[in-house]
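Reader: Can you walk me through this one? I'll ask as we go.

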Amino acid sequence: MRSGNDDTLSGEETLLFASSKDEGVSRRMFLKAGLGGGLLIAVGGKWLPLSQALDEVESDYALIIDLNKCTGCGACEQACNQRNNLPEGKSYIHRLPKEDAEDCWCLPVQCQHCQDAPCEKVCPASATYHHPSGVVLVNEKMCVGCKYCAVACPYGARVYDEDTGVVNKCWLCLDWVLGGGQPACVQACVKGARIFGRRDDPQIAELLASGRSQVLHPEFGTKPSIVRYIFPGS
C-alpha cells in the first residue's frame, strides 16, 4: 500500500496532474490560481476552493454489492485479510446477518469512502485523507493510534492493529486498481455479487443510473462515494 501524502502535489504539479490524460482522471477539473494565491477548481461550471470542490465531486470508482447474489460465504473477507496481512480476528469487512429477512442474506460492511468523511475531520494528525480518485486513505506513518476515527465512523469500518499502533481500514487495494486491476474482495467473489469499475464503465454507469444501487444509511449524512448496495427485491 502506498502510504503517506506521497500523492500531495505542488500547485504546478497539480496543474499538470489535472490536465494529463495519462493519469486517467475522469473528473474534468481545470485549475487556476486565485487572486489570493489559493488553488481553485472548476466543478459544475463554477470555481471553488480546493477543499470545497473535493467535497462536491464524486469518486472515480464504484463498488456495487448485489445482496441478491451475496451468500455470506466470507470469501471477500478472507481475501481482504490475506491481502492486508491482518491478524486473526481483525478484518476490514464485517458481515451482518439480516435475521428478519424472508430470504437468507448477509450485509457486508466496510469503509464507504465517504465524501464528507467524519474520520478525516476528527483525525488530529491529518493521517486520514482523500486520494484524488476519491478513495479515503490512511497515512500509516502519521497515524498516532488515538482511535478518534474509529469512534467517528458510523459504519464501524476502522480496525486497530495492536502491533503497528495504526487504525486502518479498506483502501480499495488502490495499487491494483490504479494498475488496471480489481480489489481482492471483488476478485474473490465467486457469485459475482461485487461489481467494481470506473463510474463511466457501461455496466457501472447503467447500474448507477437505474437507481437500483443505494448508499448505506444515507441518513448519516456522510455521502458515501464508492460503495453502494443493491438490496433484495431491487
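Reader: What kind of model is it, and how are residues numbered?

Author: This is a predicted model: local features need pLDDT of at least 70, side-chain atom pairs count only at pLDDT 80 or more, and totals for chains, interfaces and linings use all residues. Residues are numbered from 1 along each chain as its sequence is written, and side-chain values use heavy atoms, with hydrogens and water left out.

Reader: Back to leucine 172. Where is it found?

Author: Leucine 172 is in the loop between strand 10 and helix 6. Its phi is near 65°, a positive value in a residue other than glycine. Helices (H or I, at least four residues) and strands (E, at least two) are DSSP runs, numbered from the N terminus.

Reader: And histidine 113, where is its place?

Author: Histidine 113 sits in the loop between strand 6 and helix 4 (118-122). Its phi is positive too, near 50°. Histidine 113 is buried, with a relative accessible area of 1%.

Reader: New topic. How many helices and strands in the protein chain?

Author: Eight helices and 13 strands. Of the 234 residues, 46% count as buried.

Reader: In what order do the four strands of the open sheet come?

Author: The order is 11-4-13-12, with mixed pairing. Strands pair if DSSP finds at least two bridges between them. Strand 11 (194-198) and strand 12 (213-214) are the edges, each pairing on one side only.

Reader: Which pairs run parallel or antiparallel?

Author: Strand 4 runs antiparallel to strand 11, joined by five bridges. Strand 4 and strand 13 are parallel, over four bridges. Strand 12 and strand 13 (residues 227-230) are antiparallel, with two bridges.

Reader: Give me some partners across the bridges.

Author: Alanine 62 is partnered by glycine 197 in strand 11. Isoleucine 64 is opposite arginine 228 in strand 13. Serine 213 has isoleucine 230 as its partner in strand 13.

Reader: Is strand 4 mostly covered or open?

Author: Mostly covered: six of its six residues are buried. Tyr61, Leu63 and Ile65 point one way, and Ala62, Ile64 and Asp66 the other. In a regular strand the side chains alternate between the two faces of the sheet.

Reader: What lies across strand 4?

Author: Helix 8 (residues 202-210) lies across strand 4 (61-66), strand 11, strand 12 and strand 13. Helix 8 runs at about 110° to strand 11. Axes are lines fitted to C-alpha atoms, for helices over the stretch in contact (heavy atoms within 4.5 Å). Angles run from 0 to 180 degrees between N-to-C directions.

Reader: Which residues touch the most other members of the largest nonpolar core?

Author: Leu63, Phe196 and Tyr229, out of 46 residues. A nonpolar core is a set of buried Ala, Val, Leu, Ile, Met, Phe, Trp, Tyr and Cys residues joined through side-chain atoms within 4.5 Å. Apart from it lies another core of six residues, among them Ala62, Ile64, Ile204 and Ile230.

Reader: What does phenylalanine 196 touch?

Author: Beyond four places in sequence, its contacts include Tyr61, Leu63, Leu172, Val186 and Ile204. So leucine 172, buried at 2%, turns up again as one of the residues touched by phenylalanine 196.

Note on methods:
Buried < 20%, exposed > 50% of the residue type's maximum accessible area, 1.4 Å probe, protein only.
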